[in-house]
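Here is my note on this model, point by point. Please keep the structure open while you read.

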Amino acid sequence: SALDAVENGCSLCEREQCRGTVGFGGSPDESGETTLDAMIMNGDTMEVGGVGDLRRIKSAISVARAVMEHSTHTLLVGQSGNYSSRRFLLPLAKVGNASLTYLL
């Protein structure tokens with residue numbers, strides 16, 4: 001589907017850290033932490049899902065899509081977005097020497 005293509009394209013850029021500014025390990029925010037934001041929209045239904053200020057999340061676009069498809073919210077920020085990534089069983093990013101952790 002078109003949504004799959006958008007999510008996969010954004011996820012690729014998040015993984016490969018396009019230009020060093022996108023994805024975990026990309027450019028830090030004003031406090032020196034890497035935080036992620038993403039938004040996705042279904043053009044057929046006009047549904048929207050967005051997340052902001054995510055920490056330790058591997059794919060912000062996947063969390064945004066999960067918000068759109070599995071919650072009553074449009075935008076979740078900070079701890080709310082991090083909680084949703086755990087709720088939707090999405091992978092956490094590698095931090096320091098810790099291995100990639102998947103939530104089950």
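1. Confidence first. This is a predicted model. The protein chain has a mean pLDDT of 77, and 73% of its residues reach 70 or more. Among the elements, E1 has the highest mean pLDDT, 93. Helix H3, residues 79-87, has the lowest, 61.

2. Now the tail end of the numbering. Over residues 94-104, pLDDT stays under 50. The model has 16 contacts beyond four places in sequence for this stretch. Where pLDDT is low, the predicted coordinates should not be read in detail.

3. Next, the overall plan. The protein chain holds 3 helices and 3 strands. Along the sequence, the pattern is α-β-β-α-β-α. Of the contacts with a separation of 6 or more, 43% are between residues 24 or more positions apart. The chain has 104 residues, and 38% of them are buried. It exposes about 6,200 Å². Carbon and sulfur atoms supply 52% of that area.

4. Strands of a sheet pair through backbone hydrogen bonds, either parallel or antiparallel.

5. Take E1 and E2. They run antiparallel and are joined by 6 bridges. Met41 has Val48 in E2 as its bridge partner. Asn42 is partnered by Glu47, also in E2. The hairpin of E1 and E2 has 4 residues between the strands. In this hairpin, Met46 takes a positive phi near 65 degrees.

6. Then take E2 and E3. These two pair in the parallel sense, over 3 bridges. Val51 stands opposite Leu76 in E3. Gly52 has Val77 in E3 as its bridge partner.

7. Look at the two faces of E1. Which residues form the covered face? They are Leu36, Ala38, Ile40 and Asn42. The uncovered face has Asp37, Met39 and Met41.

8. The largest nonpolar core comes next. It has 14 residues. Ala38, Ile40, Val51, Leu54, Ala60 and Val63 touch the most other members. The elements that give two or more residues are strand E1 (36-42), strand E2 (47-54) and helix H2 (60-70). H2 provides the largest share, 6 residues.

9. Not counting residues up to four places away in sequence, Ala38 touches Gly49, Gly50, Val51, Ala60, Ile61 and Ala64. Among these, Val51 and Ala60 are named with Ala38 as residues that touch the most other core members.

10. Is H2 mostly covered or uncovered? H2 is mostly covered, with 9 of its 11 residues buried. The buried ones are Ala60, Ile61, Ser62, Val63, Ala64, Arg65, Ala66, Val67 and Met68. Note that Ser62 and Arg65 are on that list too. An α-helix has 3.6 residues a turn, so residues three or four places apart point the same way.

11. Why does Thr35 count as buried? Its relative accessibility is 17%, and buried means under 20%. Thr35 lies in the loop between helix H1 (2-16) and E1. Leaving aside neighbours within four places in sequence, Thr35 is in contact with Asp29, Asp53, Leu54 and Arg55. One of these, Leu54, also belongs to the largest nonpolar core.

12. Ala2 is found in helix H1. Ala2 is exposed because its relative accessible area is 61%, and exposed means over 50%. Ala2 and Gly43 are 41 residues apart in sequence. In space they are 9.2 Å apart, C-alpha to C-alpha.

Technical notes:
Residues are numbered from 1 along each chain as its sequence is written. This is a predicted model: local features need pLDDT of at least 70, side-chain atom pairs count only at pLDDT 80 or more; totals for chains, interfaces and linings use all residues. Side-chain values use heavy atoms; hydrogens and water are left out. A nonpolar core is a set of buried Ala, Val, Leu, Ile, Met, Phe, Trp, Tyr and Cys residues joined through side-chain atoms within 4.5 Å. Buried means under 20% relative accessible area, exposed over 50%, partly exposed in between (1.4 Å probe, protein chains only). Contact means heavy atoms within 4.5 Å. Two strands pair if DSSP finds at least two bridges between them. pLDDT is the predictor's confidence in each residue, from 0 to 100. Accessible areas come from the Shrake-Rupley method with a 1.4 Å probe; for residues, only the protein chains shown count as cover.
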